[in-house]
Amino acid sequence: MDGNNSQSRPPSENPELNHEENPISKDDSSLETIVSRFQDAFTAGKHKFWETQPVRQFKEIADTNLPEGTIEAPTPLAEVKQEPYNLPAQYEWTTCDMDDEGTCNEVYNLLKNNYVEDDENMFRFNYSKEFLRWALRPPGYYRSWHIGVRVKDSKKLVAFITGVPARIRVRDEVVKMAEINFLCVHKKLRSKRLAPVMIKEVTRRVHLENIWQAAYTAGVILPTPITTCQYWHRSLNPKKLIDVGFSRLGPRMTMSRTIKLYKLPSSPATPGFRKMELRDVSAVTRLLRNYLSRFVVAPDLDENDVEHWLLPQEDVVDSYLVESPETHEVTDFCSFYTLPSSILGNPNYSTLKAAYSYYNVATRTPLLQLMNDALIVAKKKEFDVFNALDVMQNESFLKELKFGPGDGQLHYYLYNYRVRNGIKPSELGLVLL
Ligand code: MYA
């Protein structure tokens, strides 16, 4: 599941048996090979929209002389188109005010019924209203970047796309970007080329704020990912996961052996492990900034960002830290966000409660132990599954903590910024919701 944008499920329930490497993300050269094979065989001339955009094109992959950085120089602001793009005659643009309860409800329902599903259409992301408000209103957000499309006659909301501002560092350059998310077209209006108009409109509104780059993720391959990540899933409530078809009983496994396999202690093991509070913002910012500096692509977070993105919010984001019982120094940090999925067509269960690993920093406590404590608190909060991407140092704990690889991949993209050879998931320090 991408954060967002790719729903993923483990192929089978026995983590011992499911440790094939992700064929795409193993190294740069295999990503390049697969993408260029795609280009040759299937996609040349097939991306009518994306071929016109300032993104790294598939055909450029072989050309290692192209410079890193901005692809198309900014135009003077006065030359940015002042009026919205044309929509087909029966539709109109709307700016969605997420403070307004009614509008927030409409967005929630559009996404609840039409947003990302897994390949077998068994699960669909069900972002909560509180989550949407959190995701869409970070420091310095622009209401004009929360864009809807309505049917003129009925005023029904039928499409949506959003951006939020962020500073993202690529190697040693910090770039102001928009993080684009929640692109959604009502099921009945698919394949009518509405998505390219929505993307052009959000681009125009981002340009009006003098911002020229963007970051986004998708479950589909477009020109051209900077990296391709894989989701891993750690069962917390294996019986329910098996009952709803999220996972399967491994070969030679019984339900009771499976439940035993995934059992966790009732409380965290690390002395000084506690929930993050407002007074911790500066210590957490220091920890995070220092940690994220080691990745090739990562957000540049200040205290305001940390307060917004990482201070715990019930049913939205959870953050824990380790405060040394002796020195009271904050030495370690872990966090996850709450993103349930609707279970489609199951008579017994309607919702899968999933936690998604967010940002984790271990300086004193072993990362493995810290993440095991995160699993313990997630289990206590009645999550059914804990998901994590193979970004940052996550690979170091996934197998040992009994995560199994998912079947979905999440591709990361930058708009109007070339990263020459692509990067490995472990070089990526960015989690999008
Ligand atoms: S990713 C989540 C996307 N949402 C879903 O998967 C929800 C379910 N699906 C849908 O609602 C629709 O299928 C969507 C496409 C809306 C996805 N990202 O209108 P169409 C291209 C980018 O006929 P539809 C997220 O939210 C496709 O390749 N492009 O298709 C991040 C084709 O172009 P081309 C996509 O199925 C979004 C064209 O659209 C995606 O009715 C980042 C077809 O249009 C996708 N996920 O609608 C957006 N899917 O012919 C980019 C399809 O060239 C942001 N397409 O192949 C770029 C930066 C902008 C800001 C820049 C600022 C400087």
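Between which two strands does the loop with Tyr85 lie? Tyr85 sits in the loop that runs between strand S1 (69-70) and strand S2 (91-95). Its relative accessible area is 27%, so Tyr85 falls in the partly exposed class, the range between 20% and 50%. The C-alpha atom of Tyr85 is 26 Å from that of Tyr412, a residue 327 positions away along the chain. Please keep in mind as you look around that this is a predicted model.

**Around the ligand**

Let us turn to the ligand. A shell of 35 residues surrounds the ligand, and the closest are His47, Trp50, Leu183, Ser191 and Ala195. Sorted by class, this shell holds 21 nonpolar, nine polar and five charged residues.

On its own, the ligand has 1,200 Å² of accessible area, and the protein covers 89% of that. Strand S6 (173-185), helix H4 (194-207) and strand S7 (213-218) are the elements that each give two or more residues to the shell. H4 provides the largest share, with seven residues.

In soluble globular proteins, nonpolar side chains tend to be buried together. Here the largest nonpolar core has 80 residues, and Tyr337, Tyr358 and Tyr412 touch the most other members. Helix H7 (residues 281-292) makes the largest contribution to this core, namely seven residues. Because domain 1 (16-227) and domain 2 (231-408) both give residues to this core, it lies between them. There is also a second, separate core of 29 residues, with Ile147, Leu189, Val197 and Tyr415 among them.

**Backbone details worth a look**

Most residues other than glycine have a negative phi, and most peptide bonds are trans. A few spots in this model depart from that pattern. Pro223 and Thr224 are joined by a cis peptide bond with omega of about -25 degrees, and Thr224 is in the loop between S7 and strand S8 (227-235).

Asn121 has a positive phi, near 55 degrees. This residue is in the loop between helix H2 (101-114) and strand S3 (123-125), and its relative accessibility of 46% makes it partly exposed. Glu382 has a positive phi too, of about 70 degrees. Is Glu382 buried or exposed? Its relative accessibility is 61%, so Glu382 counts as exposed, and its place is in the loop between helix H9 (367-380) and strand S17 (385-389).

Technical notes
Residues numbered from 1 in each chain as written. Heavy atoms only, no water. Near = heavy atom within 4 Å. Areas by Shrake-Rupley, 256 points an atom, 1.4 Å probe, with all protein chains shown as cover. Helix = DSSP H or I, 4+ residues; strand = E, 2+ residues; numbered from the N terminus. Nonpolar A, V, L, I, M, F, W, Y, C, P; charged D, E, K, R; others polar. Core = buried A, V, L, I, M, F, W, Y, C linked by side-chain atoms within 4.5 Å. Buried < 20%, exposed > 50% of the residue type's maximum accessible area, 1.4 Å probe, protein only. Domains from an automatic or database assignment.
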